[in-house]
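I record what I looked up, step by step.

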Amino acid sequence: MKKYDDSGIAELNKTANYLRKQSLTMIYQRQAGHPGGCLSAADIMAVLYFHVLRIDPQRPGWEGRDRFILSKGHASALLYSALAKRGFFPVSDLDHWGELNCHLQGHPDRLKTAGVDMTSGILGHGIAIACGLAMAARLQRQGFRTYTLLGDGECQGGIVWEGVNACAKYNLGNVTAIVDYNDVQLDGAVHDIMPMEPFADKWRSFRWNVISIDGHDVRQILEALQQAETVASQPTVIIARTIKGKGVSFMENKAHWHGVPPNKQEYEAAMAELEREK
Amino acid sequence: MTDISGLAMREAYGRALADYGAVNTRVVALDADTSSSTLSNFFAKRFPDRFFNFGIAEPCMIDAAVGFALDGMVPFANAFAALVALRALEQVRTCVCYARTNVKIAASYAGVSDFKDGPTHHAITDIAIMRSLPEMTVIVPADSYQAAAFVPLIAEYDGPVYFRLNRAATPAVSQPGESLQIGKGVVRRPGRDVTIAACGSMVGRSLKAAGLLSREGIDAGVLDLHTVKPIDKELIISAARQTGAMVSAEEHTIIGGLGSAVAEVLGESFPVPLVRVGIHDTFARTGPDPDAVMDAFGMGIADIVKACREAIGLKRL
């Protein structure tokens, strides 16, 4: 991983703020999307797309690139905002999200949008697909790493743990999973709907290297991703404690904002808050 | 060329996959704890570094196959048809078909060929399910020759394929060395009075039925529609034009499978009577051998003979 300093961290914080505003604007304009989970994962995505991932917007299909699978595909607005800012397609495309002829689908589609490594949307697939990708990379002696970002509610599904098991069996040190652990899902709090604790212990018992961090602290995210690269014999999971709706006070920790777009008044209030944060 | 017509279909496939693995080093094989049944273990023995066992977790195996395909490899995912087409269906729909990843699903023990284990292990709805998925190609080999000969064709075809295999040997219908093409059916027997459009184990049975019918003075033709999707419309229409009556025959429910595919072509392009042979909207039972189960559940040679007479009768109405 590239080195970073205080100014780099400040820059990534600014980028995260930009991604929050851009995602929210997309969701407001389209009157559809998932604000809560975009806001909670914005810092993680800023670090990945603007510091960690070895990618080239000029060559989206470059074989040596790091791979990223947005397993929590409903945070598509966040991914699209990051890809556009990195130059995979014009930022103006974001205004057309969801239009019939726009390449930006409701959930990410690898065939339509440059920079999307894998189609997602139905929860649970990221880790098992990352497993196959990482095995293929090892078999073909390719040095790229595979990253996947999951939601916490997503981890209630069995396919996640099938993939977790398989990554451990094959000692896939080239896989890093990040869980956006905001403790809120569509119907309420994760700890009420179907508790996942002791969460870190679950991953540990599946023989993963586990790093627990504050998912809004850019320095901690950077350090965790750096550490993950040094562990060759095990896959790593970064359990990032986050706040659903982070940065917009009236959205924070509220299940309501999982998949509801803001109205004009709410949008303006939210943007004003995010502007102040910057 | 070695005569493999007597081999179990799964063995012909397993040996062919291992042979092809030497030709194409991008091929990997995955299994879900069934490699000694699907016989992907022939590949595993020759190429242990390219064989991966995911345990009894078909959804994970399919997703991992997707990962291999994303990195340019050609994964053959092996499992029991009943499981891969049902338990892993969401993976197949979203990550294989919608994402159009180059995954090859080798679905073994299809139809009622797992007679011993009973209806839990029968796959009688898989053609209907797989046929309805956009981007999916569905291939049902008629005999061991096809089970082997399709392996390189499937590997070299760019896109998702569902390859439906029987556990045991089925009656041989192919001429060794005959050329095969995905999407192009084969006329196994020309006929004037009625055409039987069959796939899989029912091609051989249909030829036997046609033999019996000829003694009654009925000239029945037999089409081997190994590719159920995309279906060979031209061949079906030209047969319907010649005989004016059709029968479909498959080791599968009559709902949604080959019979439905044939009905769609006829209904839209050249309407003639069609009688479907297959399982009639019921679960089959455990039996002493595949033939006994097939005979008991509407897929006997006698059922095909009867269906041909019915189709001809309808033509005269």
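**Entry 1: The sheet of chain B**

I began with one residue pair and found that Ala249(B) stands opposite Val277(B), which belongs to E12(B). I note at once that the model is predicted. I then looked up the strands themselves: E11 of chain B, residues 246-253, is joined to E12(B) by five bridges, and the two run parallel.

Next I asked in which order the strands of this open sheet lie. The order is E7-E9-E8-E11-E12 in chain B, five strands with mixed pairing. Strand E7 (186-189) and strand E12 (274-279) of chain B are at the edges; each has a single partner strand, so one side of each is left without a neighbour in the sheet.

**Entry 2**

Helix H10 (residues 233-243) of chain B touches strand E8 (194-198), strand E9 (220-224) and E11, and its direction makes about 155 degrees with that of E8(B). Helix H13 (residues 301-315) of chain B touches E8, E9, E11 and E12, and its direction makes about 160 degrees with that of E12(B).

I then turned to helix H11 of chain B and checked its length. The end C-alpha atoms of H11(B) are 16 Å apart, which agrees with the expectation.

Which residues of H11(B) are buried? I list Leu258(B), Gly259(B), Ser260(B), Ala261(B), Val262(B), Val265(B) and Leu266(B). These buried residues pack against H7, E8, strand E10 (227-229), H10, E11 and E12 of chain B. For the spacing within such a list I keep one rule in mind: an α-helix has 3.6 residues a turn, so residues three or four places apart point the same way.

**Entry 3: The two domains of chain B**

I looked up how chain B is divided and found domain 1 (9-164) and domain 2 (186-315). Their centres, taken over C-alpha atoms, are separated by 26 Å. In the contact between them, 23 residues of domain 1 meet 29 residues of domain 2. On the side of domain 1 that touches domain 2, helix H7 (126-131) and strand E5 (137-139) of chain B each supply at least two residues. That side of domain 1 divides into 12 nonpolar, seven polar and four charged residues.

**Entry 4: The sheet of chain A**

I repeated the search in chain A. There, five strands form an open sheet with parallel pairing, in the order E1-E2-E3-E7-E6. Strand E1 (67-70) and strand E6 (209-214) of chain A stand at the edges with a single partner strand each, so one side of each lacks a neighbour in the sheet. The twist from one strand to the next averages 20 degrees.

Within this sheet I examined E3 (residues 175-181) and E7 (residues 236-241) of chain A, which pair in the parallel sense over six bridges. Val237(A) in E7(A) is the bridge partner of Ala177(A). Helix H8 (residues 218-230) of chain A lies across E3, E6 and E7, running at about 170 degrees to E6(A).

**Entry 5: Where the chains meet**

Finally, I asked how many residues of chain A are in contact with chain B. I found 21 residues of chain A against 21 residues of chain B. Helix H4 (126-139) and helix H5 (158-169) of chain A each supply at least two residues of the chain A side. The largest share, 10 residues, comes from H4(A). The chain A side divides into 14 nonpolar, five polar and two charged residues.

Terms used
Residues numbered from 1 in each chain as written. Chains lettered and ligands numbered in written order. Predicted model: local features only at pLDDT ≥ 70, side-chain atom pairs only at ≥ 80, totals over all residues. Pairing = 2+ DSSP bridges. Helix = DSSP H or I, 4+ residues; strand = E, 2+ residues; numbered from the N terminus. Contact = placed C-beta atoms within 7 Å. Axes fitted to C-alpha atoms, helices over the stretch in contact; angles between N-to-C directions. Nonpolar A, V, L, I, M, F, W, Y, C, P; charged D, E, K, R; others polar. Domains from an automatic or database assignment. Expected span 1.5 Å × (residues − 1). Buried ≥ 20, exposed ≤ 12 C-beta atoms within 10 Å, placed from the backbone.
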